[in-house]
Amino acid sequence: MVKQLAIETSGLTKRFGDQKAVNSISLEVPSGSVFGFLGPNGSGKTTTIRMLLGLAEASEGEIKLLGTEIPKDLEKALPRVGALVEGPAFYPFMSGRNNLLRIDAADRFSDASTRIQRVESALDRVGLHNAGNKKVHAYSLGMKQRLGLANALLKPRDILVLDEPTNGLDPQGTREVRNLIRSLSAEGITIFLSSHLLSEIEMLCSHVAVMSAGKIIAQGLIEDLRNEEPTRLILRTDDIDAAVETLKANGIGKAKILGDQITCEVDPALDVASLNAKLVRKKVSVNEIRLQRSSLEEKYVKLTGEGFEVVR
Amino acid sequence: MFAKTLGIRLFLSELKVMFTRRRTWAMLAAIALIPILLAVAVALSSERLAPGEGPPFLAQVTQNGLFTGFTAMLLALPLFLPLTVSVVAGDTIAGEAGLGTLRYLLISPVGRVRLLVMKYLASLVFILAGTFTLMIAGATIGAILFPVGPVTLLSGFTISIFEAFGRMALVALYTTVSLSGMAAVGLFISTLTTVPVGAMTATLVTSGVSNILGNIPQLEWMHSWLFTYYWLDFADLLRAPIEWGSMLNNIVLQLGWIAVFGALAYGRFTTKDILS
């Protein structure tokens, strides 16, 4: 059976003048996944999201959102999509509750008879029940962010597109939002999570696409991507020569030596305990022995470069 | 279901947003202040103007308070009413874009054409509220400060107080029609930018330019095309029988402006990338 894709783009490109903000990307977001859309600031993530939601027109390429063509059948798809795009935005002179009522009234496919009830349960879900009557200009950034999430949850959705959802939240709020995302995902909602925070993606996502300078430079299961980087054995000992010899005898070569530390690439399934026993039997004094698992960060930095400089 | 198709709920929500803003009420209060200032100034001054001196109708105000609204309308039309219209019409799309709420309305999904139409209709409601505020405030303060009685019209006929209220409503409606073309211009300008103040200023400038062009005799050939051309002709409604000619011409002219700038706004807004 062909795996269903919640979002599928091919050759998606957005030009601003001569510059390609998004350069021929082909996203494949499986239904039911928590899909991390990772990339440094300015790499084209938000522009991509704008095209997915029909806010901006693609210069080239095709988009399928929940099986419908964008922008042709945009209005068929949008009611099933909840979104938080480039930060929350509300009327500061109206209360949080009235803001939600307003946006829901704008949605021509929403049911007016359940409106009040849906707004209340959305406020409940993000913990804003007690602040619903406050005017938005009195909200903190974190409260606005929650209200933005409440807006995305006004109706039962098939996919949530969340652009930097934990921006501006305190650690507690960040945790709550992450838990919320997990519980929404458990309900079967596909989550498309854009973030520049690697730890966030690593914590929440099953899949990831890495954007850099308008291009997707890696995409797939987060595990696969991580495993592309080698696992390393770290061994600290005073008997470097004997240790290297023992390692060789066990099929572990290419040792890099720095002071009293030996580093070599190994099979991730290596049994460290039995290797340690062998070393001890050879009278090698082991000060430290451990496996360093590959991290996504390593892969990410390798892909996007260390530079602090804005790419363009 | 019916209400949904027609977008009545969206329209009501649009009005709710407009009338939740303090700005809207401040502008209506300022509009109400015009006839009040006028009437108080006239009541306090001991000099009596000779007929024909000062703005039209001013002499009549002291004899009949019901004229206050008409005189105030003449004073408010060149600048103050257009100012409030430019604030509301310039804000329609640019204001939402500036706040960022435009993107959330569009992905709700509101439908771009539907939003444009609702925004325009809501700005007409504001104009209606403004013109009626001015007439009602005028009649009220006039009744407090001056004698009130049957109104002698420009053509010498006298109509009852009751009928005079009808004429006031007609003048308010006439002015609403007069400003509807300008509101369409403002709507179009509002689709061009994400800075509402810029759109408001530009809209006000168009009415200023239109007024200036209308005062240059060498450009007479274009005068009847300017959206300001019939603005002051509401006086024709104060004759007996009413001269409907300027009303009809005005309606046709304003519909033309609405058609052209509505189409431009549509063309611009439906193809625009929303990057705010």
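Into which domains is chain A divided? Chain A has domain 1 (5-222) and domain 2 (230-293), with bounds that come from an automatic or database domain assignment. The C-alpha centres of these two domains of chain A lie 47 Å apart.

This is a predicted model, in which local features need pLDDT of at least 70, side-chain atom pairs count only at pLDDT 80 or more, and totals for chains, interfaces and linings use all residues. Residues are numbered from 1 along each chain as its sequence is written, and chains are lettered from A and ligands numbered from 1 in the order in which they are written.

Chain A holds an open sheet of 4 strands in the order E13-E14-E12-E15, with antiparallel pairing. Strands E13 and E15 of chain A are the edge strands, each pairing on one side only. From one strand to the next the twist averages 20°. Strands (E, at least two residues) and helices (H or I, at least four) are DSSP runs numbered from the N terminus; two strands pair if DSSP finds at least two bridges between them.

| E13 (chain A) | 256-258 |
| E15 (chain A) | 286-292 |

E12 (residues 231-237) and E14 (residues 261-266) of chain A pair in the antiparallel sense over 6 bridges. Leu233(A) stands opposite Cys264(A) in E14(A). Helix H9 (residues 240-249) of chain A packs on the sheet and touches E12, E13 and E14 of chain A; a contact is two residues with C-beta atoms, placed from the backbone, within 7 Å.

Between the chains, 24 residues of chain B are in contact with 23 residues of chain A. Helix H2 (8-20) and helix H7 (101-106) of chain B are the elements that give two or more residues to the side of chain B that touches chain A.

Definitions and conventions: Axes are lines fitted to C-alpha atoms, for helices over the stretch in contact, and angles run from 0 to 180 degrees between N-to-C directions.
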